[in-house]
Amino acid sequence: MTREHLLAFLWLRWRLRVNQFRKAGPVNAFFFIAFSIFALFAAVGLLVAGLLVGLLVMPRASPAVQLLVWDGVIVVFLFFWSIGLLTDIQRAEGLALDKVLHLPVSPSGAFLINYLSSLSSLTLIALIPGMVGLILGQVFAGSLYMLLALPLLVAFILMVTAVTYQFQGWLASLMTNPRRRRTVIVLVTASFILLTQLPNLLNIARPWDDGRRDELNRVNERRNSNQADVNAKQITPEEYLRRSKEIDKEFGDRRQEQSQRKWEQVKRTASFVSLVLPPGWLALGVSGLSSGSVVPALLGTLGLGLIGAFSLRRAYRTTIRLYTGEFTGQGQCAPTKSSPPTDPNRLRLAEWRLPWVSEHASAVAVAAFRSLIRAPESKMALVAPVILLVVLGGASVSAKQEPPAVIRPLMAFGAGAMMVIICGAQLLGNQFGYDRAGFRAFVLSPVSRREILLGKNLAVAPIGLGLALAMWLLVGIVYPMRIDHYPATIAQVVCAYLVFCMLGNALSIVAPIPMAAGSMQPAQVKLVPVLLQMLFLMLLPLAMIPVLLPFGIEVLLAEFAGVRGVPVSLGLSLIVLVVVVFVYRAVLTWEGNWLAAKEQTVLEVVTSKGE
Amino acid sequence: MSLAIETRRLTRDFGDFRAVDAIDLAVERGTFYGFLGPNGAGKSTTIKMLTGLLAPTQGEIRVLGRDMLDPKQALDAKRHVGVIAENLALFDNLTAREYLTFVGRMHLMARDTIRQRSEELLTLLGLIDEEKKLALEYSHGMKKKLALAAALLPNPDLLFLDEPFEGVDAITSRIIRDLLAGFVARGSTAFLTSHVLEIVEKLCTHVGIIVGGKLTEQASLEAIRQGDSLENRFIQLAGADAADAPKLTWLEAAQ
């Protein structure tokens, strides 16, 4: 490996990044530049803040507080690092070593240079200065032992980046198989969403709030009882005041005792976790240095350095195995042996004929559905509703509040409609973007474009409408409604789906976005289609107004005319459903003609960048 | 003899660049027409316009007597046409049999006919053992074979084939050549682009040559060849001569 090789690698990585952003379009480039500038400002700001905190606050903090502060810093760092890593994995590979190893450059040299050039990440640039500032601040405050925290920090960075590099290499070896590659991308995306939702989930679970709310409820009960006694003149005002003070004092003492207990528990947990999990060795080492003990820091530096070195070695071996063709993806695909003879009478899914629709619409629907249930993008689209289910379900359980009966049908409809929107925003609002080359088959086919749109809408129904009805059922069970509200809200959810389909079809024709194969990332971001997609989502609630009219009319009749217990919403919802079905049929014909006129433009967009 | 394909002043611009410049194609029914040209000459752009994948900037297109710029007539023409497009038209997440079933149903074929023809085509093209794989797992050559199977499945009157032999092994290539020869022999029409001039010479009855977006020659194979090999005539007509190419003296110099 020579200096020229190093420069060539750095240039290649830079060029790949530049071309990637050029390909992704000006909007993406703008956001990246803005984000980079923000990261640089954040780096300077965190450096100064770290210095000040290290200089003025940390010297007065106990070793336990030091440990917790550094644990917090590590958690924040790893959170952003993980997000950066998952984003990188979802993106197309930047620089695969197997593309350069046929050149006259040693594998070890190429590996090392590639690893070093991978360190230029925004998380490192933004957060490391803050950590360095925190250490230097304490050094300037007079704690020279703290200088040992610098090699400890370097070992920590080595460990994190090397383990990450090893992990990426392992994923790359898995992804040599196209099917497995798609599974990996789905799992990575799901992890990404879960990780970004982690603060939300923690807020719902509130593990730190253990028993506090129950305690408060008990105190409030005693206070209310005391108030009732004084109001009923069973006790004198003086007795009331005495009891109030007693209740407050008992509460205060118990709170203090609980806080003390919790603090001890937190310290024990933090020490244990920091000891068991290698990233915590940084916090343990710094905490030890603050109390004058250098051994934890030295051991931490050694341990983290060894893990880093071991991970790099493993990553290198994986690279070599990739290079030598051990992971080729061949032989790991679906079995190629002859399949058993199929029953000639068995009807295959691709052959299903759906009732009440044409053969063409049936063919498109089952083929598109078959394709959808295998496609990673639809699996990814399903991740968001599941998360939503967890978040909303958790929030409703933790709220422990019963919603009024009058809004329950609205909640059931809202839950179902939200599922339709979340599932369908990607799959219905950009239907042809996911077809890529497959859209050519539609253009070449001798079929009315209306039938293609109908088939496409039917293909998404089991996913979008199915999940919507599942969510509707869940809300209906958790918060029971009047019996006629169940069919009424079902009719409303179906109406919402049809309205959504009409709008989604129009958006798919007017603002198609090319999607990279096997991902939910646009192959190219253009401003106008993105703005139209955003506008679509913003205007969607307005389009839902007719669907909700029956519910609104029933509430108004109950409030102002005293009409209660009459299934007004059900009757009107069924009428609206019939009207929407007729409107849908008419609009579909018009949209089919529109697609026929625009299909070559759509094809140009979805294939030119998406393939 | 009636024309299977006819264009008048067919033109396509991409911004300021004119990819196809007012070409007048005339492909008679029952002929095997080879459409040749150097890289970037406009072959694929032309075939895309003929099949309805790309709108022309100006000009007229008639395929099997139907006006391809009229949506209703274009749909009618597509019922009788099979296409292997440049970047194919496959769905990544369908197996070969599922894709053929989809194509057959789009042509309103009976289920039993689709099954029978799919079985025969997959066997003939050597894909029968790979039928559980998704299209995305196929090699480029296998994808070409699947696209050919889909193009043949509805038993069309006219085939558009954009580089059908690219990436296909020698044995399958032979099978495809025989198959296409039989297809034309029964009176159907094939419109083919290929860089392999030997194949064109063996298969085609007529040849058109496009250079820089302009149709420079269009005649029967014999008339084009004028007793010479197709390769030599093509190089002459394409306006390039290997003898005029600049030499890399450093490559020819002794080590």
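A residue is called buried if 20 or more other C-beta atoms lie within 10 Å of its own, exposed if 12 or fewer do, and partly exposed in between, with C-beta atoms placed from the backbone. Helices (H or I, at least four residues) and strands (E, at least two) are DSSP runs, numbered from the N terminus.

Among the buried residues are W281(A), L284(A) and V286(A). Just after α10(A), G292(A) takes a positive phi of about 90 degrees.

This is a predicted model, in which local features need pLDDT of at least 70 and side-chain atom pairs count only at pLDDT 80 or more, while totals for chains, interfaces and linings use all residues. Residues are numbered from 1 along each chain as its sequence is written, and chains are lettered from A and ligands numbered from 1 in the order in which they are written.

**The two chains**

Chain A has 20 helices and zero strands, and 36% of its 611 residues count as buried. Another of its helices, α14 (residues 408-427), has 20 residues and reaches 29 Å from its first C-alpha to its last. That is close to the 28 Å expected at 1.5 Å a residue, where the expected span is 1.5 Å times one less than the number of residues. In α14(A), 17 of the 20 residues are buried, so this helix too is largely enclosed by the rest of the structure.

Chain B has 10 helices and 11 strands. Its radius of gyration is 19 Å, close to the 18 Å that the globule rule gives for 255 residues, so chain B is as compact as a globular protein of that length. The radius is taken over C-alpha atoms, and the globule rule is 2.2 Å times the number of residues to the power 0.38. Along its principal axes, the C-alpha trace of chain B spans about 60 × 50 × 40 Å. Of the 255 residues of chain B, 47% count as buried.

Two residues are in contact if their C-beta atoms, placed from the backbone, lie within 7 Å. Among contacts between residues at least 6 apart in sequence, 82% in chain A join residues at least 24 apart; for chain B the figure is 66%.

**Where the chains meet**

How many residues of chain A are in contact with chain B? There are 32 of them, and they touch 35 residues of chain B. The elements giving two or more residues to the chain A side are α7 (178-205), α12 (359-374), α15 (438-444) and α20 (568-608) of chain A. The largest share, seven residues, comes from α12(A). By class, this side has 16 nonpolar, nine polar and seven charged residues. Here Ala, Val, Leu, Ile, Met, Phe, Trp, Tyr, Cys and Pro count as nonpolar, Asp, Glu, Lys and Arg as charged, and the others, Gly among them, as polar.

**Strands in chain B**

Two strands pair if DSSP finds at least two bridges between them.

| Strands of chain B | Bridges | Facing residues |
|---|---|---|
| β1 (residues 3-14) and β5 (residues 58-63) | five | T7(B) and I61(B) |
| β5 and β6 (residues 66-67) | two | V63(B) and R66(B) |
| β10 (residues 206-211) and β11 | six | H206(B) and S220(B) |

The hairpin of β5(B) and β6(B) has two residues between the strands, and L64(B) takes a positive phi near 50 degrees there.

Chain B also holds an open sheet of six strands in the order β7-β8-β9-β4-β10-β11, with mixed pairing. Its edge strands are β7 (81-84) and β11 (214-220), each pairing on one side only.

**Two loop residues to look for**

Most residues other than glycine have a negative phi. K233(A) has a positive phi of about 60 degrees although it is not a glycine. It lies in the loop between α8 (212-231) and α9 (237-276) of chain A, and K233(A) is exposed, with 8 other C-beta atoms within 10 Å. N155(B), also not a glycine, has a positive phi of about 55 degrees. N155(B) is found in the loop between α5 and β8 (158-162) of chain B and, with 13 C-beta neighbours inside 10 Å, counts as partly exposed.
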